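User: Hi! Could you walk me through this one?
Analyst: Happy to, here it is.
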Amino acid sequence: MQISELAPALPALREAPARRWRDLLIHPLVLRLLSFAAVLALWEYAGRIPLSPAFPTFLETLGGLGAIMADGTLFKAFLITLHPLVIGLTASILCGIALGVLMGLHEPSEWLFAPIFVIAQAAPLAALIPILTFAYGIGLTAKVMTVCIMAMPVIVLNTLGAVRNTPKSLLEMGSSFLATRSQSIRLIILPAASPMIFAGLRLGCAAAFIGVILAELLITPTGIGDVISYNQSVADYPKMYAAILSIIVFSVLFIELLERIEVTLFRPEARP
Amino acid sequence: MNPSAAMASQPNRDLPPLPGRAPQPIVEVRSISKTYAGGIEALSGISLEFPEGRLTTLLGPSGCGKTTLLKIIAGLIPATGGQVLVDGREVTGPGPERAFVFQDFALMPWASVIRNVAFGLELRGVAHSEREAIAERHIARVGLKGFERKYPHELSGGMRQRVGLARALAVDAKVVLMDEPFSAVDEQTRRKFQEELLELVANEGKSFIFVTHSIEEAVYVSDRIALLSRRPSRVSAIIEPQIQRGGDPEKIRRDSAYLDVVEAIWQQLRHYLD
Amino acid sequence: MVISGIRLPMMAALLVWAVVWEIAGHTDAGFILPPLSRIIWRVFEIVPTASFLDALLITGRAFLLGNTIAIAVGVPLGILMGRSVIADRLLLPWVNLFLSAPLSALVPVIMVLFGLGETTIVLTVVLFSMWIIVLNTRAGIRAISPSLVEMARSFGSNRWQAFSRIYLWAALPEILAGIRLGVVRAVKGVVIGQLLVSVVGFGTLFEIYQSHFLMEHFWALLLVLFAFAFTLNELLARLERRFGYYAAAR
Ligand SMILES: Nc1ncnc2c1ncn2[C@@H]1O[C@H](COP(=O)(O)OP(=O)(O)O)[C@@H](O)[C@H]1O
Ligand SMILES: [Mg+2]
């Protein structure tokens with residue numbers, strides 16, 4: 001999602017030094033740092049006004065982060081949160097891709113299953129959480145199921161779309177060189193589908209994080225959800241904000257990592 | 001009309017055998033018709049013969065059914081009626097004796113040049129080292145030596161089509177089917193390609209079936225041109241340009257025999273435009 | 001799918017699933033998953049009640065207001081980012097961050113800052129729906145062919161004309177797609193917000209049905225919400241197709 005082209009049609013400046021300064025200033029990295037610095041400064045300022053007693057400054061939040069990191073709360077909480085997340089996400093990825101590929105290759109199963117996922121994709125599935133709690137109790141299972149129902153639809157539908165959108169000329173090329181059905185699935189359809197499948201995985205991951213936090217806030221407070229709701233109830237806002245910040249940063253980095261892995265392992269054509 | 005261009009309005013089988021050429025057709029198309037789902041009649045009863053070891057061109061206006069006929073010969077789509085014989089055997093699907101060069105290249109973006117070129121062999125189960133050796137030879141043959149490990153997106157349009165060509169040559173098919181292979185490359189590259197194509201026809205001993213909508217290109221490269229009418233397509237004429245080759249390309253393009261054939265075809269095609 | 005020459009409409013499979021549901025409802029699973037027929041019966045029972053209409057009114061208002069804000073802010077922001085490289089580089093990291101961040105973790109923040117009322121729901125809607133609108137609008141603006149803009153300039157259009165006659169129309173298919181995706185996210189956001197707040201709108205109903213083990217009522221409410229979300233998505237998709245006919249031909 002980087003912008004590769006340079007600024008189009010900016011009026012050329014005559015003085016070279018001024019221009020060098022501008023070039024430096026609009027350098028993507030500089031602008032990115034500038035942008036982060038500006039937002040954090042704004043946060044700090046708004047916290048100092050103060051905007052609300054429940055709005056700690058950025059530095060206070062960092063302090064809270066230090067505190068929950070130092071006493072090991074954060075680390076333990078992450079381990080607990082990751083448990084249902086990893087199980088649910090793994091199950092969603094395996095089942096979701098398998099089901100999506102099956103539906104993409106086999107029309108009757110698409111007819112049967114696709115409507116469910118189309119509806120699930122549009123529907124607010126979070127509302128199923130109370131029912132999952134009834135069905136599976138307040139333990140790990142309900143949380144894993146929450147992650148699954150949030151992450152799976154987008155993975156399935158993206159995989160289905162990806163398989164369906166294999167370029168026709170590549171399929172014709174395969175059959176003109178006498179590819180068998182299994183060869184054309186393995187060597188053409190799946191590789192051609194993989195960018196879009198991975199896009200689905202990234203969206204699925206984001207949804208899984210939403211799901212796991214929701215499960216921890218709604219079903220029983222555990223892990224990060226517990227840190228958030230406990231500190232909220234005792235009005236220790238810096239720690240509450242720190243926990244939220246840490247899970248957001250973690251999930252964004254996790255999804256970024258997934259993209260890196262995809263590019264290095266599966267997408268030689270996308271490598272710089 | 002130019003005497004060196006044999007032209008007939010009802011051509012087909014009653015054409016006299018080409019002087020000094022193999023009379024044996026490698027591909028025979030017998031009253032092929034094709035109606036697409038939706039009722040579009042693309043071909044209606046086309047019969048044609050393609051002599052062995054020569055380059056035969058299907059020439060006609062856009063949308064007249066050239067690609068359709070070529071894909072039927074390739075066995076990629078079924079005909080509604082009629083039959084295609086390759087080497088005397090009826091076509092029921094794609095076969096190892098035919099290789100296709102695609103208009104849009106159909107390269108796999110996730111695979112390197114060498115893997116793309118070796119793909120036909122990979123599908124046939126040829127061992128890795130062996131197929132890479134063959135692919136390397138053909139990559140060099142089309143002038144891409146040194147680009148084996150590059151990916152399609154790193155190549156220009158012309159280079160991509162060379163990869164497509166090398167892939168078709170690598171499986172050593174008797175018949176190479178080319179669907180407007182040069183339409184997506186610039187004019188200079190196109191002319192260079194045409195020279196190389198002539199060289200291939202002269203040296204490889206393969207039969208080529210070539211599709212184009214450019215009259216000049218057809219006359220320049222073909223031993224034989226089948227002029228197709230507008231949809232539903234039939235053969236409106238068979239032309240054998242019999243250009244004296246081997247000289248300076250620029251001279252050929254100014255040669256009056258060449259220009260006369262171009263003009264004659266243009267006169268034929270013109271009334272399709274009205 | 002086509003079976004012996006008859007084209008089965010895609011959503012017809014839902015009938016199969018409805019039958020499966022009905023049968024499952026009459027087994028032991030019936031406690032958690034009551035038969036569909038009885039749930040549908042409940043829909044007609046709860047929809048006219050005052051508490052349902054009240055919840056609908058509050059939620060609908062917050063939803064509309066939130067989406068209006070998200071569109072009113074998101075579209076101009078997307079256009080700005082599509083046009084200005086500097087704005088793009090400053091803002092894109094944030095848009096991407098909010099797009100993939102687990103926003104459910106931010107709802108408690110909104111709750112402590114703005115209380116348990118309607119403002120929280122409105123802000124949740126904005127938070128969920130705005131970023132995809134920004135990103136799609138930006139993509140639409142960036143995809144406009146430069147020659148289209150140059151064409152307008154060569155005929156002497158001024159900035160405003162270029163904007164209102166070219167940019168907006170050329171990017172409209174993407175903008176509409178962004179709004180549809182945003183609205184779908186907003187429905188999810190509104191439900192998440194009300195599940196967490198549970199004292200406004202449908203949150204109250206969820207809470208009552210859940211604590212009294214009224215499974216049929218709960219499912220009836222879910223059915224209404226799912227049907228609403230799906231219909232909204234379909235309607236917006238139709239609108240998108242109406243304007244998207246030229247999307248591929250720009
Ligand atoms: N898959 C298809 N379904 C329906 N009509 C088609 C299909 N492919 C091609 N056609 C129609 O058949 C005619 C011939 O197409 P084609 O063989 O591609 O022409 P050409 O290659 O000579 O330009 C065209 O009018 C085209 O619209
Ligand atoms: Mg064609």
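User: How many salt bridges does the rule find across the interface of chain A and chain B?
Analyst: The rule, a side-chain nitrogen of Lys or Arg within 4 Å of a carboxyl oxygen of Asp or Glu, finds 1 salt bridge there. A:Glu172 pairs with B:Lys71, and their closest N and O atoms are 2.7 Å apart. This is a predicted model, where local features need pLDDT of at least 70, side-chain atom pairs count only at pLDDT 80 or more, and totals for chains, interfaces and linings use all residues. Side-chain values use heavy atoms, leaving out hydrogens and water.
User: And what area do chain A and chain B bury between them?
Analyst: About 1900 Å², with 69% of it on carbon and sulfur atoms. Buried area is the accessible area (1.4 Å probe) that two parts lose on being put together, summed over both. On the chain A side, A:Phe177, A:Leu187 and A:Glu269 lose the most, together 32% of what that side buries.
User: What about chain B on average?
Analyst: Chain B averages 85, and 91% of the residues score at least 70.

Terms used: Residues are numbered from 1 along each chain as its sequence is written. Chains are lettered from A and ligands numbered from 1 in the order in which they are written. pLDDT is the predictor's confidence in each residue, from 0 to 100.
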